[in-house]
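Q: Could you take a close look at the aromatic rings in this model? I would like one connected account of how they pair and what lies over them.

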Amino acid sequence: MHTIRLTMAQALLRFLDQQYISVDGHETKFVRGVMGIFGHGNVTGIGEALERSAGSLTYIQGKNEQGMVHAAAAFAKQKNRLQIYACTSSIGPGALNMLTAAATATVNRIPVLLLPGDNFASRQPDPVLQQLEVAGDYSLSANDPFKAVSKYWDRIVRPEQLMTAAHQAMRVLTDPAETGAVTLALPQDVQAEAYDYPEAFFAKHVHYIDRRPPAREAVNRAVDLMLGKKRPLIIAGGGVLYAGATKELAEFAEAFHIPVAETQAGKSSLPWNHPLHVGAIGVTGSRAANIIAREADLIIGVGTRYSDFTTASKSAFAHPDAQFININISGFDASKLNGIGITADAKETLGTLFHALSAHYYESGYESGYVELLKAEWEQEVDRLYAMEHAEGMAQTRALGVINQTIDPSAVVVCAAGSLPGDLHRLWRSTEPKTYHMEYGFSCMGYEVSGAFGVALADPHREAYAIVGDGSYLMLHSELLTSLQEGRKITILLFDNHGFQCIHNLQRGHGSDGFGNEFRYREAATGKLTGSYMPIDFTAHARSLGAKAYKAGTPEQLREALLKAKEETVTTLIEIPVVPGTNTDGYESWWQVGVPEVSESEKVLKAHEEMKNRIQAAKPI
């Protein structure tokens with residue numbers, strides 16, 4: 001057996017450089033490169049290996065560990081999970097900074113490989129700088145919390161363990177049903193230890209992702225159920241896009257005249273102007289989709305995990321005989337809501353169901369023109385909101401309308417948190433697949449700028465726009481600098497409404513007078529955060545980092561700034577002051593949050609009673 005003597009870190013990089021993924025006969029190099037921030041826990045191990053590596057892995061210098069993992073996740077999401085970046089950090093705080101982004105990736109079923117430095121396996125210099133000591137269990141380190149948010153976790157305490165761990169990591173990363181964050185904790189001394197690795201470990205390895213066909217019995221059960229249903233509704237989730245099943249979805253809906261609603265992850269599965277596209281579903285849904293959901297006797301979920309926003313806290317589907325067919329590559333998701341599960345590829349399943357139902361000449365029982373009427377009424381409402389004027393300044397919906405009507409249809413919009421996801425889900429008109437990039441599994445504040453950078457890496461021929469509130473921008477914007485460093489232009493559309501207004505609205509909607517969510521000065525007289533708004537010059541901040549920047553306070557200024565930003569060759573920020581509270585809400589939906597049963601406020605007590613009544617009307621499936 002021929003061997004090569006390498007350090008564990010060198011061997012890991014050489015292994016990663018030889019991993020490929022194949023879907024439908026198309027082969028792609030799986031690991032594009034490594035994003036990292038170096039410290040004493042990784043700089044002389046994996047850092048040295050990257051510096052001397054003869055492979056093709058690209059190294060990107062992150063500016064914040066959480067931000068770089070968000071960028072890696074966005075890259076993988078935009079690539080339909082067919083290519084990834086690994087992320088490396090030092091021990092302790094560097095590693096733990098990746099924890100939130102790891103959870104974000106796992107919740108969204110996005111592959112990211114995390115390579116945090118770890119304590120010395122030898123334990124001889126302990127405790128080293130930044131080491132977390134747990135007196136009752138000395139085997140624990142700052143990397144053990146990753147177990148809770150990783151789909152696979154391992155600690156490499158001997159260099160030969162890498163061979164097993166690396167293969168297991170690839171198994172999970174390339175599995176569409178089980179993918180998410182994978183963590184390989186790398187003790188800093190073991191990274192530098194050498195071992196005689198067999199040459200075969202570094203041979204090219206192709207991971208074949210075979211489309212899983214649906215079981216015949218499962219298809220038969222679904223067909224038998226559908227034949228007795230007259231008002232079906234399709235909910236298109238992210239699995240439609242990951243499976244490349246947009247064409248099959250359209251053909252299926254058209255053949256049997258079934259309306260299609262979309263989740264946040266599934267938005268752009270159908271063009272907004274498709275006659276059977278009824279818009280967003282659930283808490284942030286359209287009136288058209290939520291009315292149809294309320295009346296539907298069958299819900300066909302395609303690639304959705306049925307979050308509480310999708311189901312409107314299980315109140316969306318009110319028909320007494322409503323039943324579910326769940327098409328999902330993950331058996332965990334296919335089993336939800338007591339539905340008929342088809343654990344299979346979305347593209348394969350829609351094609352098989354199409355032929356099976358065609359043989360029975362199935363067609364939905366919607367009255368002629370009913371779906372089209374609801375859709376037309378909703379599009380009139382979108383037009384109204386896009387044109388809304390406000391005496392105090394620019395309404396948030398007006399600003400979104402200008403953006404939607406000005407940027408290219410092929411551009412990708414990225415968002416994650418605040419009130420903007422709700423408005424985008426309801427109102428944004430997507431005409432091309434993969435142009436709507438929403439992280440709403442975790443709704444992680446700070447994802448937006450990093451995510452746009454990841455999209456720009458993944459799809460450099462499209463414009464990438466981060467649509468972000470001021471609160472989320474202040475929380476994490478560090479990869480703006482990385483986009484400049486890498487020459488990957490993004491455009492940041494910063495909506496300035498003076499604070500965490502989404503939660504401020506949620507408070508007031510449940511009896512609160514509003515507390516602690518606006519960016520106001522503390523008043524000396526009262527000792528409370530009720531003073532004037534804090535003036536923040538976001539354009540000056542962006543320019544100080546080297547970006548171009550504009551401020552647009554009117555629709556005309558915004559349109560002009562968007563056109564100028566498109567001509568810029570470097571990352572550009574447009575600051576957009578909007579009137580707080582001018583986002584959308586309602587539209588036949590409800591979201592359950594805990595409202596206190598005991599309070600000194602009559603408004604809160606009233607909100608509690610309303611919540612109890614809503615819970616009773618929901619279906620506890």
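**Aromatic rings and their partners**

A: K147 lies over the face of W153, 4.5 Å from the ring centre, where a charge sits over a ring if NZ of Lys or CZ of Arg is within 6 Å of the ring centre and within 35 degrees of the ring normal. The model is predicted, with local features needing pLDDT of at least 70 and side-chain atom pairs counting only at pLDDT 80 or more, while totals for chains, interfaces and linings use all residues. Residues are numbered from 1 along each chain as its sequence is written, and side-chain values use heavy atoms, leaving out hydrogens and water. The charged end of R429 sits over the ring of W272, also at 4.5 Å from its centre.

A search of the whole structure finds 17 aromatic pairs (rings of Phe, Tyr and Trp, the last by its six-membered ring, with centres within 6.5 Å; planes under 30 degrees apart are stacked, over 60 edge-to-face, the rest tilted). F256 and F354 have ring centres 5.9 Å apart and planes at 55 degrees, so this pair is tilted. Because F256 lies in helix α10 (residues 246–256) and F354 in helix α14 (residues 346–358), the pair ties together parts 98 residues apart in sequence (helices, H or I of at least four residues, and strands, E of at least two, are DSSP runs numbered from the N terminus). F256 is buried at 2% relative accessible area, whereas F354 is partly exposed at 26% (buried is under 20%, exposed over 50%, partly exposed in between, with a 1.4 Å probe and protein chains only).

Y306 and F324 form an edge-to-face pair, 5.9 Å centre to centre with 90 degrees between the planes.
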